[in-house]
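Have a look at the structure first, then work through the points below.

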Amino acid sequence: MTSIPRPEKISLANLPTPLRPLDRLSEQLGGPRIWLKQDELTELALSGNKVRKLEYVLADAVQSGADTLLTCGGVQSNHCRATALAAARLGLDCHLILRGPMETDNDGNLLLDNLAGAEITVYDGSQFVPHFDQIRDHWLAHYKSQGQVPYFIPMGASNGVGLWGYITGSEELYEQTQTEGFTPEVIVCATGSGGTQAGLTLGWHLLNRHTRVQAYAVCDSASYFQQKVLTDVAHWQQRYSPLLGRSVAGNIATQLSVHTSEDYIGPGYARGYPALYESMTLAAELEGILLDPVYTGKAFHGMIEDIKLGNYQSVKNIVFVHTGGVYGLFPQRVHFNNRARVCTWPEE
Ligand SMILES: *Cc1c(COP(=O)(O)O)cnc(C)c1O
């Protein structure tokens, strides 16, 4: 395999992350052999998929002379937490523009954003959604007027630059599967801002192994992700065409097949349902895997439901990419039983 030329990155993650088979789960479901790509182990503070994208995006920020990172997401955004902690690690300032409503507890990712020293502004969804561009421009102008050099990172670091995270992540996974003696027919991931899906879809297309990247949406529709993935890929190809030279032929976006399931979103972004909580409990009990109710839980639940429905019947090996997110579990603790029994000794 010859890999394509790539830009500089700042090394932040512990790579490669492990790949391991989930044989008890595979046996219980009676479908394909399921493998876990453990991107929840990229790093503790920067855990999950976002750090792969940030390695490239932050290299671009530093090269452009930035001293202040601005980014956005939900109040419990994993991406914002990873950005805040990466900024601290690199000695940069960080401002998070969060979509409310504000939570009553300083918990999960929000707690970590605070610990990392980020500036945090929360706007209610009714203002954030329609006026985001003005809010962003306001803060960019604010920092410029202070003599700082701000750098804006889009939601989830999902753009042409961030795409490199999972192009290179695809190569890493491909090599591990070859060492294990198989080529997966299907790769599963959760999709939210689309960058992981786009990077994996492009990465496996470039590897030319006929592997299908199946994303499970946690918000928005399949047609939204179709658009988003192709837009990010087009941006990538345009931006890096001098670097890529002749290693990438034709208009890549037109050659991709984008596969998104919108069947397991439930009531909405970060909102769960009982069957989801059951699948998350199964993953923890059967294989010792911690999932979160916003992203990985929905993708995992979707994958096992689709296996039960026979949708992966001809598939021998399927890789579930664990994209992290465990801090998002704690603010949703009310959905899970506490089975601890308080005992006395001696027993009565
Ligand atoms: C952000 C996130 C995703 C989705 O990745 P995108 O690239 O934003 O689509 C999946 N899982 C976790 C845990 C995340 O934080």
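About 390 Å³ of space lies in the second largest pocket, while the largest pocket has a volume of about 770 Å³. Keep in mind that this is a predicted model, where local features need pLDDT of at least 70, side-chain atom pairs count only at pLDDT 80 or more, and totals for chains, interfaces and linings use all residues. Residues are numbered from 1 along each chain as its sequence is written, and side-chain values use heavy atoms, with hydrogens and water left out.

**How the spaces are found**

- Rolling a probe the size of a water molecule over the atoms shows where empty space is left.
- On a 1 Å grid over the protein atoms alone, a cavity is a set of points where a 1.4 Å probe fits but cannot get out, and a pocket is an open set with protein on both sides within 12 Å along at least five of seven lines; lining residues have an atom within 4 Å of a point.
- Grid points are joined across faces, edges and corners, and a volume is the space filled by probe spheres set on the points.

**The second largest pocket**

- Its lining has 14 residues, and Tyr277, Met280, Thr281, Phe336 and Asn337 lie nearest the centre.
- Sorted by class, that lining has eight nonpolar, three polar and three charged residues (Ala, Val, Leu, Ile, Met, Phe, Trp, Tyr, Cys and Pro count as nonpolar, Asp, Glu, Lys and Arg as charged, and the others, Gly among them, as polar).

- The largest pocket is lined by 41 residues, with Arg99, Met155, Gly156, Gly192 and Ser193 nearest its centre.
- Helix 5 gives the largest share of this lining, five residues (helices, H or I with at least four residues, and strands, E with at least two, are DSSP runs numbered from the N terminus).
- By class, the lining of the largest pocket splits into twelve nonpolar, 20 polar and nine charged residues.
- The ligand sits in the largest pocket (that is, more than half of its atoms lie within 2 Å of the pocket's grid points).
- Helix 2, strand 7 and helix 7 are the elements that give two or more residues to the shell around the ligand.
- 16 residues surround the ligand, and the closest are Lys50, Lys53, Gly192, Ser193 and Thr323 (a residue is near if one of its heavy atoms lies within 4 Å).
- That shell has two nonpolar, twelve polar and two charged residues.
- An oxygen atom of the ligand is 2.5 Å from a side-chain N or O atom of Lys53, and one is 3.0 Å from a side-chain N or O atom of Asn49.
- Gly194 has a backbone N or O atom 2.8 Å from an oxygen atom of the ligand.

**The cavity**

- Searching the whole structure turns up one cavity of 30 Å³ or more.
- Helix 6 (residues 164-180) gives the most to the lining of the largest cavity, with four residues.
- Residues in that lining include Lys37, Asp39, Arg52 and Tyr166.

- Most residues other than glycine have a negative phi, and most peptide bonds are trans.
- Leu15 and Pro16 are joined by a cis peptide bond, with omega about 0 degrees.
- The bond from Trp345 to Pro346 is also cis, with omega near 0 degrees.
- Asn208 has a positive phi, near 60 degrees, and is found in the loop between helix 7 and strand 8 (212-217).

Note on methods: A polar contact is a pair of N or O atoms within 3.5 Å; within protein, one must be able to donate a hydrogen and the other to accept it, and residues adjacent in sequence count only if both atoms are side-chain atoms.
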